[in-house]
Amino acid sequence: MPEEDQEQIIQNDGPSFEFEEEGDPQRKLTIDELYDHAGFKLTSFNNSLASGVALFMFGVLIMYVQLVSQYMLCENQMTDIEVVAMKIIAILGFIIGLPLSGVISDKIGRARTALAGAYVVFICWLLAAISVTLLFATILCVGGGFAVLLPSAIVFAFENSSLYQHTRVALIVFSEYILGQMFCLVLFNTLIDVVGWHWITVILSLPTTLLIIFFHATNDSPRFLSISGRHHTAYEELLMLHKANNVPMMQGRLKSMEIVDRGQCCGPCSLVNLRTTVLLLILFLTFSFCYYSTSYGVFMSLLDTGICGTGKIIGQLSCETDRKSYIVTTLLALLPDILGLAFALFLCEVAGRKTCLLILTAVAAAAILANSVCIQPAALTLIELGIARGFTFGVLIVIFVYSLEAYTTDKRSTSFSYLLIFYAIGMYLAGSLTFYLRQSTSLIFIVLGVVLFISLIPTYLLEKLGKTDVDENIDEQQSLTSN
């Protein structure tokens, strides 16, 4: 077949819109160039915002499990063992569902997979409101639903943008995770004595309907549509994006996709990608562990007393805790996450992914080790922990961005799902650390500081990737296929 027949011509052979096209009709174009030309405007913002609702609901789940289990304990509806079991079950459901969810997403598409996950989360969440007896089974089911929903929703948001727009997408999507925790915190503690936990559970499920509506009405990204052979649909999506942003469509030809030979696949099992995958698995585990180890209990114990050291029992929400003060202190504990995320993505944009990771990791490690020194002003202790927690969260999100850029479209969801398994394991290990070392915040800080400093080694070994040093083999630099 002649070469020109293997290229999708971007001229007036697609849907007719009321604007003129511009540029050289023979120019070879990539999807990234078209996204950059269209700009990050309302449509791109809406895609990111809607996909971020999945992170919003995941944040709700994290906070809900903590709050409802403590409430059940106070009401003598659960034992201490059952509270611990409930938290483990939520993580277990997430881990069980991840291996298959990525494969399904790469086969049938991000939108349909995310839609199926949203239905599972919504139905199981409603069932969780019926009784305490069903709570454990349905929380396991909700965790499994998020395993299907989360990777596809995140990948969908990033594939509908260019390499140069990823930091803006990350800021929108991952800030919703923090907002979800805040929303659940305020709603639960405000209404628990008014309507009870059953109706609160129902109310918290409602944002999932937005995901169901969105993924029912949307198509997959042009990147996925092109490798699936749906070239004209991919072309229409790009054309509608330009129309929505009121930007003239560039004339030219979409280049043919040339899959780089990386062994038998372009995902984590590839021989070429094996080194990067191993390093990312270590970093996902490390930073999930370090972020969740600086838990609300650790942070609130310092907010309450401003002290650390042996003999200090970490403060948790008890049955006698004033709910208003608990809301305020927990919101203060979440504030560094938002600030750290914004600063990390700004630095990532300016200095590149790898440089940003190295700088923030070193600063976070130094700050958290400084917290183990108990002969310092209480205000300084709080500032140091805020820096450590915020920067650790920021680094975790930059690692997410890096991983989404490191794999080709045909294996991106599979690869990302495998990495999220280690993210979930890090959450579990964080809970174990803060439980077994709960008598000494100083010892927790020393362990975390050492782990963060050691993580500089795998971070340094990562290849440079992203805006400042683009690897020509990554998908963002490959063009559409047209067979």
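Guide: Contact here means heavy atoms within 4.5 Å. You're looking at a predicted model, with pLDDT of at least 70 needed for local features and 80 or more for side-chain atom pairs, while totals for chains, interfaces and linings use all residues. Numbering starts from 1 along each chain as its sequence is written, and side-chain values use heavy atoms, with hydrogens and water left out.

Visitor: What share of the residues is buried?

Guide: Buried means a relative accessible area under 20%, exposed over 50% and partly exposed in between, with a 1.4 Å probe and protein chains only. The chain has 483 residues, and the buried part of them is 58%.

Visitor: And what share of the contacts comes from residues 24 or more positions apart?

Guide: Take the contacts in the chain with a separation of 6 or more. Residues 24 or more positions apart account for a share of 84%.

Visitor: Where does α1 meet α9, and which α9 residues take part?

Guide: Helix α1 covers residues 31-38 and helix α9 residues 231-244; their axes, lines fitted to C-alpha atoms over the stretch in contact, come within 9 Å and cross at roughly 20°. (Angles run from 0 to 180 degrees between N-to-C directions.) On the α1 side you'll find Leu34, Tyr35, His37 and Ala38. They meet α9 at Leu238, Leu241 and His242.

Visitor: How do the residues of that contact divide by type?

Guide: Ala, Val, Leu, Ile, Met, Phe, Trp, Tyr, Cys and Pro count as nonpolar, Asp, Glu, Lys and Arg as charged, and the others, Gly among them, as polar. The contact of α1 with α9 then splits into five nonpolar, two polar and no charged.

Visitor: How do the residues divide where α3 packs on α5?

Guide: Helix α3 (residues 80-108) packs on α5 at an angle of about 35°, and the axes are 6 Å apart. Among the α3 residues involved are Ala85, Ile89, Gly93 and Gly97, and the α5 ones include Phe136, Leu140, Gly143 and Ala147. Sorted by type, the α3 and α5 contact residues are 16 nonpolar, seven polar and one charged.

Visitor: Which cysteines form a disulfide, and how far apart are their sulfur atoms?

Guide: The rule wants a pair of cysteine sulfur atoms within 2.5 Å, and it gives a count of one disulfide. The bond joins Cys124 and Cys141, with sulfur atoms at 1.8 Å. It links distant parts of the chain, since Cys124 sits in helix α4 (residues 110-128) and Cys141 in helix α5 (residues 132-159), and the two are apart by 17 residues. So the cysteines are Cys124, buried at 6% relative accessibility, and Cys141, partly exposed at 26%, with the sulfur atoms apart by 1.8 Å.

Visitor: Which cysteine sulfur is nearest to that of Cys356?

Guide: Cys356 is buried, with a relative accessible area of 0%, as is Cys184. Cys356 is in no disulfide, and the nearest cysteine sulfur, 5.1 Å away, belongs to Cys348.

Key: Helices (H or I, at least four residues) and strands (E, at least two) are DSSP runs, numbered from the N terminus.
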